[in-house]
Amino acid sequence: LGPYAAWKGSKPRYTTLLRKEDADFLRQSARQTWEYFAVHMSPDRNDLPPDNVQVEPRRPVAERTSPTNIGMGLLAPYAAFCLQLIGEEEMLSRTQATLSTVERMEKWNGHLYNWYDTQSLAVLRPRFVSTVDSGNLAASLFALREALLGFADGRAETLAKRVDALLSAMDFSTLYDRERKLFYIGFDAQSGEMNGAHYDLLASEARLTSFCAIAKGDVEGEHWFRLARPLTVMEGNRLLISWSGTMFEYLMPVLFTGLAGETLLDESVRGAVAAQRAAGKGKPWGISESGYYAFDLNMNYQYRAFGLPGMGVKPAREDWVIAPYATALAAMIDPGGAA
């Protein structure tokens with residue numbers, strides 16, 4: 001009975017029926033999201049995605065990009081191909097163009113810096129290597145490599161080898177505190193020193209960095225068990241406490257790792273989504289770091305972390321700022337509610 005029990009126990013516990021109108025809405029949202037990449041990842045931007053576009057009040061496109069943005073930009077054509085929005089030829093051409101840019105960008109121990117000018121590819125000040133952004137890019141490269149290997153196509157295989165070369169060059173041991181067995185926040189190339197703080201919570205977007213670094217063999221598996229697991233209870237669910245109580249901290253890694261059922265992480269992620277939805281009390285929900293309605297002197301929206309009180313170590317402000325991307329991330333867990 002052992003094999004049967006293992007098979008039965010590994011089957012997902014959650015099934016979600018999605019109404020046709022919700023499914024149609026999500027497909028339309030995906031199409032519009034792809035249009036952002038299709039329009040803005042242009043040759044004059046070296047086929048890189050700009051960080052943001054401000055429509056109202058109208059401002060110039062933000063001509064800067066980060067490793068996380070680049071990772072999403074590398075995966076967007078493949079996602080569009082899977083959704084039958086573009087064909088295989090366009091997917092491979094776009095992927096090749098962006099890879100060619102990434103290969104020639106300035107790096108530190110294989111890691112991209114945190115911000116680049118999309119037109120000149122100059123590293124923007126302060127010159128900083130962000131541990132969490134590098135993890136997001138590494139996860140994107142892992143996923144892209146596996147996707148490309150699924151094509152019986154010599155060109156796709158060549159691209160997969162180039163992706164693998166970029167991934168192999170990213171040395172996460174250089175961002176790791178071997179004494180504490182934790183990752184530093186990042187490396188300040190201006191001073192030549194590591195940021196003194198560490199990522200030390202499991203309920204953090206940085207666990208994706210941990211996951212990838214262990215998978216690459218850059219750090220030992222013991223590191224995973226050094227990540228703290230403080231607990232709280234919200235809406236009757238146990239959940240791991242994050243730093244700010246943002247949707248991004250719980251859900252960003254799930255895009256790549258999925259969830260293993262009957263685990264504390266599984267329970268925490270589902271509990272975090274349930275808590276945010278309940279806090280909405282029928283209003284739109286999905287709280288995370290995001291732009292919000294405040295401006296600098298040039299009328300650019302401001303940006304900071306918003307979280308749900310009780311879910312984070314850091315006390316959250318009571319502002320009810322909804323980030324649509326946070327709700328979209330929650331569609332992995334509660335697609336009907338998110339729609």
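1. A residue counts as buried when its relative accessible area is under 20%. With a relative accessible area of 1%, Gly286 is therefore buried in this predicted model. Gly286 belongs to the loop that runs between helix H10 (264-280) and strand E13 (290-295), and, leaving aside residues up to four places away in sequence, Gly286 touches Met247, Gln276, Val321, Ile322, Ala323, Ala326 and Thr327.

2. The packing of two helices deserves a careful look. Helix H3 (residues 67-82) and H4 pack at an angle of about 170°, and their axes are 8 Å apart; angles over 145 degrees count as roughly antiparallel, and H3 and H4 are therefore roughly antiparallel to each other. On the H3 side the contact is made by Ile70, Leu74, Pro77, Tyr78 and Phe81, which meet Glu88, Met91, Arg94, Thr95, Thr98, Leu99 and Val102 in H4. Sorted by class, the residues in this contact of H3 with H4 are 8 nonpolar, 2 polar and 2 charged.

3. Arg155 is partly exposed, its relative accessible area being 29%.

4. Lys216 is partly exposed at a relative accessible area of 22%, whereas Asp218, at 16% relative accessibility, counts as buried. Another brings together the side chains of Glu21 and Arg19, at 3.4 Å from N to O, and Glu21 counts as partly exposed, with 47% relative accessibility. Arg19 and Glu21 are also part of a network of salt bridges that includes Asp22.

5. Turning to the strands, an open sheet is formed by 3 strands in the order E6-E7-E10, and the pairing is antiparallel. Strand E6 (176-177) and strand E10 (198-199) stand at the edges with a single partner strand each, so one side of each is left without a neighbour in the sheet. Strand E7 (residues 182-184) pairs with E10 in the antiparallel sense over 2 bridges, and within this pairing Phe183 has Tyr199 in E10 as its bridge partner.

6. A further antiparallel pairing links strand E11 (residues 231-234) with strand E12 (residues 237-240) over 4 bridges, and Leu231 has Leu240 in E12 as its bridge partner. What do E11 and E12 form, and how many residues lie between them? The two strands form a hairpin with 2 residues between them, and Glu235, which lies in the turn, has a positive phi of about 55°.

Definitions and conventions:
Residues are numbered from 1 along each chain as its sequence is written. This is a predicted model: local features need pLDDT of at least 70, side-chain atom pairs count only at pLDDT 80 or more; totals for chains, interfaces and linings use all residues. Side-chain values use heavy atoms; hydrogens and water are left out. Buried means under 20% relative accessible area, exposed over 50%, partly exposed in between (1.4 Å probe, protein chains only). Contact means heavy atoms within 4.5 Å. Two strands pair if DSSP finds at least two bridges between them. A salt bridge is a side-chain nitrogen of Lys or Arg within 4 Å of a carboxyl oxygen of Asp or Glu. Axes are lines fitted to C-alpha atoms, for helices over the stretch in contact, and angles run from 0 to 180 degrees between N-to-C directions. Angles under 35 degrees count as roughly parallel, over 145 as roughly antiparallel, 65 to 115 as roughly perpendicular and the rest as oblique. Ala, Val, Leu, Ile, Met, Phe, Trp, Tyr, Cys and Pro count as nonpolar, Asp, Glu, Lys and Arg as charged, and the others, Gly among them, as polar.
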